[in-house]
Amino acid sequence: MKISLEQFDKAFENRLRLQIMSVLVANESYDFNSLKELLAATDGNLASHLKALEKEDYITVKKSFIGRKPNTQYVASQSGREAFIKHLEALENLIKNQKT
Amino acid sequence: MKEESIYSELSSIRSLMERSSKFISLSGLSGVMAGVYALAGAFFAQRLIQQQEDSAHTGGEYTVHSSIVPQLTLMAIAVLLLSITTCVILTLRQSRKKGEPSWHPGSKRLLTSIALPLITGGIFITILLLRAEYWLIVPACLIFYGLALVSGSHYTFSDVKWLGLFEILLGLTCALLPGSGLLFWVIGFGVLHILYGFIMHFKYKQ
């Protein structure tokens with residue numbers, strides 16, 4: 001049994017990154033604090049993984065202010081969505097291959 | 001990677017996508033309570049109308065006399081406020097129990113999406129009241145409430161959409177049959193809510 005490992009996206013190897021991506025794919029946009037609460041992540045950890053996804057051009061960042069508070073919204077980019085779907089398909093294929 | 005771990009990974013992704021975009025702490029029990037309030041309100045309304053008809057000896061089931069309209073309106077507002085309060089309290093309790101934040105992008109979108117049809121409906125019904133077009137009030141309540149439910153259903157359990165569609169259907173039918181307002185009120189706000197509440201309560205094992 002041989003599984004093509006190149007289908008797995010290196011960017012999603014980390015669990016938190018995959019979780020971030022699944023939230024952003026399901027929503028138009030999501031802000032930092034809500035992400036933090038939902039995923040129960042620490043500031044630093046979440047920020048560094050968001051940075052990594054941004055570097056891959058999988059997400060875009062929109063910074064704005066609500067009153068005086070900074071508000072950072074994250075949006076999944078087209079390539080990010082495609083990469084996410086491809087990654088999920090790879091996971092599903094893996095299960096199918098193991099069954100046969 | 002083990003098969004089970006991939007399965008759990010996939011199902012955790014699915015639940016995350018759902019939890020992040022939808023507000024799923026809506027309490028089924030609050031639907032039942034809203035239905036009970038509506039039935040109680042309808043019962044008192046029926047008695048008021050009866051009394052008024054007896055004393056006036058004028059009749060016709062097709063007319064609601066303007067003298068009891070303020071009382072009926074107050075009753076409807078009381079039912080509405082009681083229902084909203086119960087719903088908010090039970091839902092907050094539910095979300096605390098589930099550990100879901102009650103104020104997150106999902107619930108914000110839910111509120112904004114139901115707000116537009118509800119506020120439009122509220123203003124429209126106020127206009128109907130002021131212009132004494134009483135026969136249209138119950139249909140308008142049902143239709144706008146149904147529209148609000150359908151538009152909110154994208155951000156919560158999809159079952160809410162069905163409740164909304166039934167309310168719209170009832171509202172339209174009610175508009176076709178003048179004089180049947182109270183009956184449709186009982187079905188739409190009373191019976192449907194109680195049914196829906198029980199279904200939700202057992203379906204999602206709250």
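**Chatting through chains A and B**

Author: Keep in mind that this is a predicted model. In chain A, strand 2 (residues 59–66) and strand 3 (residues 69–76) run antiparallel and are joined by 8 bridges.

Reader: OK, and what stands opposite Thr60(A) in strand 3 of chain A?
Author: That's Val75(A).

Reader: How many residues sit between the strands in that hairpin?
Author: There are 2 residues between strand 2 and strand 3 of chain A, and in this hairpin Gly67(A) has a positive phi near 65°.

Reader: Switching to chain B. How many helices and strands there?
Author: Chain B has 7 helices and 0 strands. Its pattern along the sequence reads α-α-α-α-α-α-α.

Reader: What box do its C-alpha atoms fill?
Author: Along the principal axes, the C-alpha atoms of chain B take up roughly 80 × 25 × 25 Å.

Reader: And what share of chain B is buried?
Author: 34% of its 206 residues count as buried. As for contacts in chain B between residues at least 6 apart in sequence, 74% link residues at least 24 apart.

Reader: Tell me about helix 3 of chain B. How far does it reach?
Author: Helix 3 covers residues 69–98, so 30 residues by its count, and spans 43 Å from first C-alpha to last, close to the expected 44 Å at 1.5 Å a residue.

Reader: Which residues in helix 3 are buried?
Author: Among them are Leu72(B), Ala76(B), Val79(B) and Leu90(B).

Reader: What comes just after helix 3 of chain B?
Author: Gly99(B), with a positive phi of about 75°.

Definitions and conventions:
Residues numbered from 1 in each chain as written. Chains lettered and ligands numbered in written order. Predicted model: local features only at pLDDT ≥ 70, side-chain atom pairs only at ≥ 80, totals over all residues. Pairing = 2+ DSSP bridges. Helix = DSSP H or I, 4+ residues; strand = E, 2+ residues; numbered from the N terminus. Buried ≥ 20, exposed ≤ 12 C-beta atoms within 10 Å, placed from the backbone. Contact = placed C-beta atoms within 7 Å.
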